[in-house]
Amino acid sequence: MKIGYLGPEGSYSEIAAGRLMPEAEKVAFQNFPLLMKALLDRKVDAIAAPIENSLNGGVLQNIDLLQSTDSVCAVRECVVHIDHRLATMAGAPLSGIKRIYSHQQALDQCARYINANFPTARLIATSSTAASVAKIQTPEDAGICGEHVKAEGIVLSPENIADEKTNFTHFLLIIRGTIDPGKPTRRIYFSFTCRHAPGALYNILKCLADDSVNMTKIESRPIKDRPGEYRFFIEIEGDYSDPADRKTLDHVAAAANSFKILGAY
């Protein structure tokens with residue numbers, strides 16, 4: 001078995017991949033579209049994809065990929081604690097840092113620290129936090145990576161430099177195929193569109209309330225090529241193997257213009 005993740009080695013996605021499929025061989029890819037393509041092309045059996053960060057919200061690219069890709073679904077979840085450290089060359093003076101590399105979300109999450117300590121440094125986005133370490137080529141370079149990252153000649157700050165220390169990323173295990181209706185789950189993730197009319201969204205949410213179903217997350221995304229229209233993404237507490245919960249989903253689907261199950265885990 002193989003599981004794909006956003007590389008390189010040492011990324012938070014690799015940690016998630018190891019937790020989601022501990023026995024699987026881990027295979028790194030450069031970006032999320034390549035991850036999904038590898039899954040569809042059967043180069044891997046599953047992929048680990050971040051879907052939401054507790055500070056930055058939904059990972060929009062992956063939400064869109066999950067929505068737009070047919071014959072895939074999320075079947076497992078895990079949460080990874082994010083602990084950002086400043087990475088520099090051993091012995092490099094912090095006063096000389098002129099460039100800071102990292103994933104854009106990490107740069108955003110460490111903005112106060114960066115502005116206070118390196119107000120003139122150039123911020124350069126990389127494909128992942130782990131990828132920033134390879135960019136450190138001179139004493140003027142720095143990266144932001146996880147506290148677990150190890151690299152020869154690179155030292156990490158002793159403290160977490162994130163503006164908020166309580167920072168978690170929610171990952172989903174995505175596979176080819178559909179949800180197993182006989183497997184118990186804790187949560188169900190789906191999307192829908194509704195009529196552009198008064199009360200349309202209310203009527204759909206009322207389906208959940210009437211069946212005493214607790215909603216754990218809701219967000220919206222603009223629909224491409226349809227200005228002013230949105231697709232809604234909802235996660236609920238629910239057991240997909242329970243006929244009563246699947247009946248609730250049927251109620252939602254009947255009230256919606258379009259409806260798609262994205263995962264159950």
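Me: Is Phe190 buried or exposed?
Reply: Phe190 counts as buried, because its relative accessibility is 0%. Buried means under 20% relative accessible area, exposed is over 50% and partly exposed is in between, using a 1.4 Å probe and protein chains only.

Me: OK, and what are these numbers based on?
Reply: This is a predicted model, where local features need pLDDT of at least 70, side-chain atom pairs count only at pLDDT 80 or more, and totals for chains, interfaces and linings use all residues. Residues are numbered from 1 along each chain as its sequence is written, and side-chain values use heavy atoms, with hydrogens and water left out.

Me: How many aromatic pairs does the structure hold?
Reply: Four. Rings of Phe, Tyr and Trp (its six-membered ring) pair if their centres lie within 6.5 Å; planes under 30 degrees apart are stacked, over 60 edge-to-face, and the rest tilted. One of the pairs is Phe190 with Phe259, which is tilted, at 5.4 Å centre to centre and 40 degrees between the planes.

Me: Which strands does that pair tie together?
Reply: Phe190 is in S12 (residues 187-193) and Phe259 is in S15 (residues 258-264), so the pair links parts 69 residues apart in sequence. Strands (E, at least two residues) are DSSP runs, numbered from the N terminus. Phe259 is partly exposed, with a relative accessible area of 27%.

Me: What about Phe192 and Phe232, how do they pair?
Reply: They're stacked: 5.5 Å between centres, with 20 degrees between the planes. Phe192 belongs to S12 and Phe232 to S14 (residues 230-237), so that contact joins parts 40 residues apart in sequence. Phe192 is buried at 0%, and Phe232 is buried too, at 16%.

Me: Which residues form the aromatic cluster?
Reply: Phe190, Phe192, Phe232 and Phe259 make one cluster.

Me: Why is S12 largely enclosed?
Reply: Six of its seven residues are buried, so the rest of the structure largely encloses S12.

Me: New topic: which charged end sits over the ring of Tyr189?
Reply: That of Lys217, 5.0 Å from the ring centre. The test is NZ of Lys or CZ of Arg within 6 Å of the ring centre and within 35 degrees of the ring normal. Arg246 lies over the face of Tyr240, at 5.7 Å from the ring centre.

Notes: Helices (H or I, at least four residues) and strands (E, at least two) are DSSP runs, numbered from the N terminus.
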